Amino acid sequence: MRRNLVVGNWKMHGSRASNGLLLSGLKEAGPWSADVAVCVPFPYITETALALTGTNVSFGAQDCSAHEQGAFTGEVSSAMLADIGCRYVIVGHSERRAYHAESDQLVADKAKAALAHGVTPIVCVGETLAEREAGQTEAVVKRQLSAVIHTLTHCIGEIVVAYEPVWAIGTGLTASPAQAQSVHAVLRTLLAAATQKASSMRLLYGGSVKPDNAAELFAQADIDGGLIGGAALKAADFSAICRAAG
Ligand code: PGA
């Protein structure tokens with residue numbers, strides 16, 4: 001069956017000194033039986049890779065370009081991420097959709113670029129509070145994921161999906177396990193119409209996952225781990241969440 005996956009999304013946090021402490025804390029706390037990865041700011045990827053040598057914790061980035069290479073100042077290609085050993089890249093995080101005007105199609109193109117280089121995209125979808133209150137949750141996540149399904153076609157089974165309700169990110173508000181499960185079930189049904197691999201795909205939940213709510217979320221039928229923001233910055237909290245996923 002599916003093996004749970006827990007991914008730390010460090011966002012724009014950290015320094016060489018604090019990362020070193022965090023990573024050594026994780027090394028001491030592991031290994032876990034779930035798959036574990038950290039997606040760190042670009043400048044720290046290589047040092048993170050070195051620090052994680054000999055562990056089974058994978059590493060990755062938080063964004064990539066949709067372009068292959070060329071005159072795109074400031075962008076980082078998925079070929080570069082593959083070149084330095086990244087296993088994962090987060091694409092379409094709601095912060096990028098909101099602050100960098102990333103469209104559903106751009107997110108899909110980024111996922112395609114990542115897969116072309118063997119980097120697994122973790123594609124984020126999720127509704128805002130206004131959309132949830134307007135009863136649009138299903139329509140929004142289906143629209144977001146459909147763009148990726150149409151762009152990746154037969155490769156769709158290779159991605160990881162993260163359902164992150166925007167209203168739950170960094171707010172301390174968590175979707176209840178039942179709320180999260182019902183959206184995950186919608187996502188898996190949509191994937192099942194596109195690929196026979198749907199039942200083996202990992203669908204992560206993200207949004208204020210903490211040590212005290214992780215186990216109940218991960219116990220849901222269609223929740224296969226988490227994408228963790230704030231709690232991924234504390235070794236003890238992140239380790240406890242990884243344990244809850246194992
Ligand atoms: P949070 O962030 O755990 O701090 O809510 C999750 C995310 O944005 O990936």
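Where is the place of Pro-31? Pro-31 sits in the loop between α1 and β2 (35-39). Helices (H or I, at least four residues) and strands (E, at least two) are DSSP runs, numbered from the N terminus. The structure is a predicted model, in which local features need pLDDT of at least 70 and side-chain atom pairs count only at pLDDT 80 or more, while totals for chains, interfaces and linings use all residues. Residues are numbered from 1 along each chain as its sequence is written, and side-chain values use heavy atoms, with hydrogens and water left out.

Gly-30 and Pro-31 are joined by a cis peptide bond, with omega of about -5°. Thr-153 is not a glycine, yet its phi is positive, at about 45°. Most residues other than glycine have a negative phi, and most peptide bonds are trans.

Eight strands form a closed barrel. Their order is β1-β2-β3-β4-β5-β6-β7-β8, and the pairing is parallel (two strands pair if DSSP finds at least two bridges between them). From one strand to the next, the twist averages 25°. Angles run from 0 to 180 degrees between N-to-C directions, and axes are lines fitted to C-alpha atoms, for helices over the stretch in contact. Strand β5 (residues 120-125) pairs with strand β6 (residues 160-163) in the parallel sense, over four bridges. Opposite Ile-122 stands Val-160 in β6.

Helices lie across these strands. Helix α5 (residues 104-116) lies across β4 (88-91) and β5, and runs at about 165° to β5. Helix α8 (residues 177-192) lies across β5, β6 and β7 (203-206), at about 150° to β7. Contact means heavy atoms within 4.5 Å.

Helix α1 (residues 16-29) packs with helix α10 (residues 235-245) at an angle of about 40°. Their axes are 9 Å apart. From α1, Leu-22, Gly-25, Leu-26 and Ala-29 meet Ala-235, Phe-238 and Ser-239 of α10. By class, this contact has five nonpolar, two polar and no charged residues. Ala, Val, Leu, Ile, Met, Phe, Trp, Tyr, Cys and Pro count as nonpolar, Asp, Glu, Lys and Arg as charged, and the others, Gly among them, as polar.

A cavity is a set of points where a 1.4 Å probe fits but cannot get out; a pocket is an open set with protein on both sides within 12 Å along at least five of seven lines; lining residues have an atom within 4 Å of a point. Points are joined across faces, edges and corners, and a volume is the space filled by probe spheres set on them.

The largest pocket holds about 370 Å³. Its lining has 14 residues, with Lys-11, Met-12, Gln-62, Glu-95 and Arg-96 nearest the centre. Helix α4 (residues 94-99) gives the largest share, three residues. The lining divides into six nonpolar, four polar and four charged residues.

One cavity of 30 Å³ or more is counted. The lining of the largest cavity includes His-93, Arg-97, Cys-124 and Glu-164. α4 and β5 each supply at least two residues of this lining.
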